[in-house]
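Have a look at the structure, then read on.

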Amino acid sequence: MLFTRLIKQHSILTTLYKESISYLSPTNLNGWWNFGSLALLCLVVQVATGIFLTMHYIPHESMAFGSVEHIMRDVNSGWLIRYVHANGASFFFMVVYFHLFRGLYFGSYTYPRQEVWNIGVVILLIMILTAFLGYVLPWGQMSFWAATVITSLVSTVPVVGVDIVYWLWGGFSVSTVTLNRFLSLHYLLPFVLIFLVLLHLVFLHEAGSGNPLGIDNKFFGNQYVDAQRFHPFYTIKDLHGVLLYSIFFLFFVCFAPNFFGHPDNYIPANPDQTPAHIVPEWYFLPFYAILRSVPNKLLGVILLLLAIIVLLVFPILVNKTINVRSNTFKPLSQFVFWLFVVNCLVLGWVGGKSIEYPYTEIGFLSTVFYFGYFIIILPFLHVLETYGLGLYLPKSPKNSLFVRRYVRSSGSLLTALGLKRSQAYAVHMSFFRIYYWYIRFWPSTFGRVFMILLVEAIGFCLTGYAIKRRMHRSQTFEFCMYSIIKKHTLLLPKWLAKLIWKVYFFFPIP
Ligand code: HEM
């Protein structure tokens, strides 16, 4: 009672309550919607561990490397804090890339969430900058040479390029001055990120979350078709994600802490000796491949910038009238999306190779596909499949029934199992009780790990069964898609649209 009164009396608390507890979210969000909260977790962990690292770090060219070793050997739990921070950067990018590709697949980049997407792109840009600055700080060979190579790219700017590079370095080479300003900015930018993430969430809550179907559950005016409160349903689901993520993350921190790092960074920086291959961290490799895909350095830098800018531009090219935004119902778009994912992996692979045949050629072709996907293929496929498959939903209340069916027929895994939402919640809670139980009482580390794996194994078995049920449920989809095709196919003869749809349902829903 006291708690409720307190919330009602204070406007800040009321807003917090509305935005984090009673915020209405679609019922059918799947696991891909967990990556936003995971990214938030990563950001908090990076800031927290970063603050402690800075307490012992010395930004001086003769002491930086040694101060990091001091953290690893002498500072209490210093090894843990440093490994969490270093691996945390890799996992942060992993999570954000999943988050970004989720948005791409399910069409979250277009109306009414274009601001959320655009702020996301700016966040990505600042993340890249922050990670680059941070990588220089341990002052190993890779740190020094990465700093030198990447800052030297600015020298391609005509006339004033070289002067800008000296200005950035604060001298005629990367040195203590550079290290000091890099630390200062590396400390500052995460706070800019926090501000941008808040803005990201404000815009998200303004528009409402999307969902795997890519059809707004606010489709008709401001009326929600099928939504539920964020708490407890998604707080529990997000916590479940956090636990799963922690298992992977802590495995790397505890058992393979240098898996994502480069061994050369354990050699102190030496300006007189260039490493045989200067390679950036894995999360920059696709961009590095785009940079090196053309023989001209200036053009490479321009392409590198465009690789990010294109993420801001392509949503403008996607037809606004399309109201089934996701790829869920678009077989061709799905296929090309996965081609694009493979293409990004290929770019990453090429980025780690030296500049020689056939890597230069592959890098060039992959770069062409990267830009072609955003500028030509994606906008074109949206229009083709929307009208071709009769996916265009005219804004008329008569169709609310269809939308209702759409949204209900793809529930979360547990609702797909046939459980009611309250039952699904109870199952999630019991999972948590088990976790809680083993953490408190299990005496040996081995036993704890075993319990985690057991609980997860049960989870995966349930998932398998749920997917089967879901395919069965897709009959409802089929029925409702047919009805829509019958009524609203705009371009194709009905029999053709029906045939295409039949072929599509030959393949299972992802
Ligand atoms: C520090 C990095 C980031 C954080 C902490 C963050 C956080 C979040 C959170 C908590 C959500 C709501 C939950 C969800 O939908 O997963 C969200 C949604 C979203 N984010 Fe991010 N985000 C980050 C980076 C990005 C980036 C790089 C992009 C894309 C370029 C992006 C685009 C989006 C979009 C489009 C949505 C709405 C999705 C929908 O509801 O359909 N975010 N973000």
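Predicted model: local features only at pLDDT ≥ 70, side-chain atom pairs only at ≥ 80, totals over all residues.

## Helices and a ligand shell

Within α10, the residues Tyr234, Lys237, Gly241, Phe249 and Val253 are buried.

Zooming out, the protein chain holds 19 helices and two strands. It runs to 510 residues, and 31% of them count as buried. As for how the chain folds back on itself, take the contacts between residues at least 6 apart in sequence: 76% of those join residues at least 24 apart.

Now for the ligand. Which residues come nearest to it? Out of the 27 residues around the ligand, those are Gly36, Ala39, Ser108, Gly120 and Gly210. Four helices each supply at least two residues of the shell: α3 (35–54), α5 (78–105), α6 (114–136) and α9 (176–207). By class, the shell has 17 nonpolar residues, nine polar ones and one charged.

One of those shell helices, α6, also packs against α7 (residues 141–152) and α12 (residues 297–317). Here are the two pairings side by side.

| Helix pair | Axis distance | Crossing angle |
|---|---|---|
| α6 and α7 | within 7 Å | roughly 135° |
| α6 and α12 | 10 Å | about 175° |

Start with α7. The axes of α6 and α7 cross at roughly 135°, and that makes α6 oblique to α7. On the α6 side the contact is made by Phe132, Tyr135 and Val136, while α7 brings Ser143, Ala146, Ala147 and Ile150. Sorted by class, this contact of α6 with α7 comes out as six nonpolar residues, one polar and no charged.

And α12? The angle between α6 and α12 is about 175°, which makes α6 roughly antiparallel to α12. From α6, the residues Gln114, Trp117, Asn118, Val121 and Leu125 meet Ile308, Leu311, Leu312 and Pro315 of α12. The class count for the contact of α6 with α12 is seven nonpolar, two polar and no charged residues.

Definitions and conventions: Residues numbered from 1 in each chain as written. Near = placed C-beta within 6 Å. Nonpolar A, V, L, I, M, F, W, Y, C, P; charged D, E, K, R; others polar. Buried ≥ 20, exposed ≤ 12 C-beta atoms within 10 Å, placed from the backbone. Contact = placed C-beta atoms within 7 Å. Axes fitted to C-alpha atoms, helices over the stretch in contact; angles between N-to-C directions. Parallel < 35°, antiparallel > 145°, perpendicular 65-115°, else oblique.
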